[in-house]
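Let's go through this one together, feature by feature. Have the sequence and the model open side by side.

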Amino acid sequence: MTSSTGARSGSRTAAQLQAIPAAREVDVEALARDLRDRVDGEVRFEDGDRGLYASDASNYRFVPLGVVIPRSAAALHETVGVCSRHGAPVLNRGGGTSLAGQCTNVAVVIDSSKYCTNILEIDVDRRIARVEPGVRLDDLRTRAEPLGLTFGPDPATHAYCTFGGMIGNNSGGVHAVRAGLTVENVEELDVLTYDGLRMTVGPTSDEEYGRILAAGGRRAEIYRRLRDLRDRYAGLIRERYPDIPRPVSGYGLDQLLPEKGFNVARALVGSEGTCVTVLGATLRLIEHLPHTVLLVIGFDDICNAADCVPRLLETGPQGLEAIDDLLVDYMTRKHLHHEQVRLLPRGCSWMMLEFGAATVEGAADKARHAMEMFRDHPHVRGMKLFETPAEQADIWEVREAGLGGTAFVPGADRDTWPGWEDSAVAREKLGDYLRALKDLYRRYGYEGAMYGHFGDGLVHTRIDFGLHTPEAVGKFRSFMRDAAILVTEFGGSMSGEHGDGRARSELLPIMFGPELVEAFAEFKSIWDPRGRMNPRDIVDPTAVDSFLRLGPDFRPPEMKTHFQYPQDDFSFDRALIRCVGVGKCRRMDGDVMCPSYRATLEEKHSTRGRAHLLQEMLQGDPVEGLWRNEAVHEALDLCLSCKGCKNDCPVNVDMATYKAEFLAHHYEGKRRPRAAYSMGMIHRWARMASPVPWLPNVFTGAPGLARLSKAIAGIHPDRPVPAFAAKTFRSGFRPDPAGDGRPRVMLWTDTFNNHFSPGPLHAAARVLRAAGYAVDIPGRDLCCGRPLYEFGFLDEARRTLDGTLDGLKDALQAGTMIVGVEPSCMSVFRDELPNLFAGDDRARRLCDQARLLSEFLVDTADWKPPPIAGKAVVHGHCHHKSVFTMAAVEKLLAGTGLDADVLGNGCCGMAGAFGYEPGKYEVSRRIFEHELAGPLARADAGTRIVADGFSCRSQISDLDGRRPLTLPELLAEALPPQNT
């Protein structure tokens, strides 16, 4: 092994090399050179790239040799060819959300999700689709459903999982009740063996088998050996393979049986990349039922609910899911989807039945029939039928958040982990299996929520294994063995859709017996005689308790931080391990996170990618240097600090805070970029400019001077610079006199609106007076310090906030509400302030008393807004959506009668200083085009554009040409003259 791998003697990486013998013999430097010369793609072998792909959503971690991102299927083919010539192991990765560890190995990781994303064909008549391995499931469904078709299996990761991964794992999901697993929906596969044979495989008739043998060569050898393997083991396969809807563990040798049509493609589904590389797939499509309703039945106990599965299935649902009371309790503790949880009917566990039909009435009739069947059931506590798409989406959010909802639960004694997260049994045995599994939990002192695809006899769970001490790991290993014995006694499968991976491959002899495990080894050797495809997974596996990502060997260094992380036991390293790899940040629409990923499709620019690199920074091998590491800095550099992840991520990863913390240490003793001083300290420059606003306007507005001044300030030459207002808001505002009987509020005079755009503040004062309040402002020009965080000026930010707390002391002690219009500023008081000043009573008061104008008007003033005619498109600032939510805005606008389209997702791309910096300007534009350009283009000239965020208004004005209004301006325009 050459030094380019970065493995140090005695390091965890070196130990991993010993575990994967095939990797030890590779000349990595020569391999990387050859890949760069031969492959049309991105070849990445630096330490940061390797660290980025070292873990998935599982408990396990292996540092890869390098990463290749091929630009086409042909490039994917060439990548495998080069690796084969060098003898390098290969790991094909889908969306990277595997929970069993099959997506991490000491190998060349091939990531097809960025470029190999072509939907090659949709044939309506034949009901098939042909796709490349990087196609996302929802992208195919979006294309197929207008044609009346869909792909049936749909795991909770449907918005970002890829077909390569679904085929590798044999995914299922909610609608497998109707459609079956992925294996049942694959018609043919275009596959490539490690030794270079490319062929299309599928069902094989005797005639075709004869033709293949007659042609001779490597393909004939493969088919002949597969037929011989099948014939020798057919009896054991029929005897020992579970006869259940979800038999995902092991290899699909049953698909080689004559009664299954000797289907070579389906035998490869679920092989976890250990046999071949999938270059393309022909998939079966089913009828899309356009109208659905969702019936939720509340039961007294999850086991009693499971007992009812066979009878519930008689009602004909196309999805039958379950969640238990512990999952709901976890979500409540995490404030996750709390509004949606309240919609559930009375009960302690819930069954969710989705009915589909050509009409809503047809679907509803099925649901009402089910309600009638269970109306007097002794274990039913309540029922509720959800007929509108919005209501159903709310309930599905609760179910799909199961994995995130069970991770990092506040108040839990131990962390929960995957491992035994998707066992499956026959439907009629499910209730008894759950009772036995709960008994096993009690014997080990474990706790774990139960939910999942009960209609197929599958239960998801995430158990509080702990895993941080040798004792906890030993207990985990013992439990896993006992759980494997238990599910085998019930005639079930250790995995019902997630596969075996590192977590369960070692246990396969318990489920299948040693003879079939030998057959698995022979099956792999037929396809991969050199053992280079995802080695030591399924066949000759690593131990279930080895190479744990955050196990006893994980000893992060002590790190002094600026933020205090009170929600993470005052521990920065605990905050960093929040990310469990769910991958929701890789979705391309909905919510706010992660705008930079949507623009670049780079794993390192997703929330998960950044979190993994920060975790690798703590590992220190191969990502070295802690705060000084440039790979971590590069990944964080395109983070917009939008805070979308803190709200949208199911485990509330707070990347904006982690970025600020990192930058503060990264730049200690170093000079920051020019933009840090020009825009990070904008409050200082704005104060200096306020007496002579025309002077900086000359430098930023005159054509010749503008280009020079932008270069000096670190601003992109094509980005207009906002002009200072001729008169600040503070200089023109007169506070209301005291003692007139009206309750008083303090209007926060943020830097952006005060110095650049006073109109929204004047409008806010007018609206507050119309709502019956006397308006005051701080006695001096205070600042929240928002721009300082973006560049890591945390010492300066703390001093600034300390001054603000002193300046507001009297108002805070008096209980006066602090009302603001700029979301990015007000979010500091809710978010950064308690983290920097944990335990400070002044900070607690300001956090409690700070309100956005919309919040204040709805929750405190209970104000009835004036009527407003017409239409509006409303874009919420990222911090507004992430920290406050848009609920108050929606309620206010509904009260006006305005036809308002409140956009629910996306970032404008400006993000304070982000959109001004030369290296980020193009990304800023791409984010705008992806998220906002479409809705704005569809808005006619008479439609108002509403955006409260100063940066959002600047971006819209710069790139769309229209000047947006703020909410206070919109409301103030409608007020009668006497309220002036």
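**Reading the model**

A: Ser731 lies in helix α34, residues 729–732; helices here are DSSP runs of H or I with at least four residues, strands are runs of E with at least two, and both are numbered from the N terminus. This is a predicted model, where local features need pLDDT of at least 70 and side-chain atom pairs count only at pLDDT 80 or more, while totals for chains, interfaces and linings use all residues. Residues are numbered from 1 along each chain as its sequence is written, and side-chain values use heavy atoms, with hydrogens and water left out.

Q: Which backbone oxygen does the side chain of Ser731 reach?
A: A polar contact is a pair of N or O atoms within 3.5 Å; within protein, one must be able to donate a hydrogen and the other to accept it, and residues adjacent in sequence count only if both atoms are side-chain atoms. Here the Ser731 side chain reaches the backbone oxygen of Thr728 at 2.8 Å.

Q: And why does Ser731 count as partly exposed?
A: Buried means under 20% relative accessible area, exposed means over 50%, and partly exposed is in between (1.4 Å probe, protein chains only). Ser731 comes out at 37%, so it counts as partly exposed.

Q: How do I read a nonpolar core, and how many residues has the largest one?
A: In soluble globular proteins, nonpolar side chains tend to be buried together. A nonpolar core is a set of buried Ala, Val, Leu, Ile, Met, Phe, Trp, Tyr and Cys residues joined through side-chain atoms within 4.5 Å. The largest one has 248 residues, and Trp420, Phe479 and Met617 are among those with the most contacts inside it. Helix α20 (residues 470–489) gives the most to this core, eight residues. Apart from it lies another core, of 40 residues, including Leu761 and Leu898.

Q: Which residues does Asn59 contact?
A: Contact means heavy atoms within 4.5 Å. Leaving aside neighbours within four places in sequence, Asn59 is in contact with Trp417, Pro418, Leu467, Phe476, Phe547, Leu548, Arg549 and Leu550. Asn59 sits in the loop between α4 (47–52) and β2 (66–70), and it is buried because its relative accessible area is 2%. A polar atom of its side chain lies 3.0 Å from the backbone oxygen of Pro418.

Q: What about nonpolar side chains on the surface: which ones form a patch?
A: Patches are made of residues with over 30% relative accessible area and no salt bridge; like charges are joined within 9 Å, and nonpolar side chains (Val, Leu, Ile, Met, Phe, Trp, Tyr) within 5 Å. Areas come from the Shrake-Rupley method with a 1.4 Å probe, and for residues only the protein chains shown count as cover. In this model, Val692, Trp694, Leu695, Val698, Phe699 and Leu705 form a nonpolar patch, with about 520 Å² of accessible area together. Helix α32 (residues 694–701) supplies the largest share, four residues.

Q: How many salt bridges are there?
A: A salt bridge is a side-chain nitrogen of Lys or Arg within 4 Å of a carboxyl oxygen of Asp or Glu. The structure holds 81. Take Glu42 and Lys114, whose side chains meet at 3.2 Å, N to O. They are 72 residues apart, with Glu42 in strand β1 (residues 41–44) and Lys114 in the loop between β4 (108–111) and β5 (119–123).

Q: Are Glu42 and Lys114 buried or exposed?
A: Both Glu42 and Lys114 are buried.
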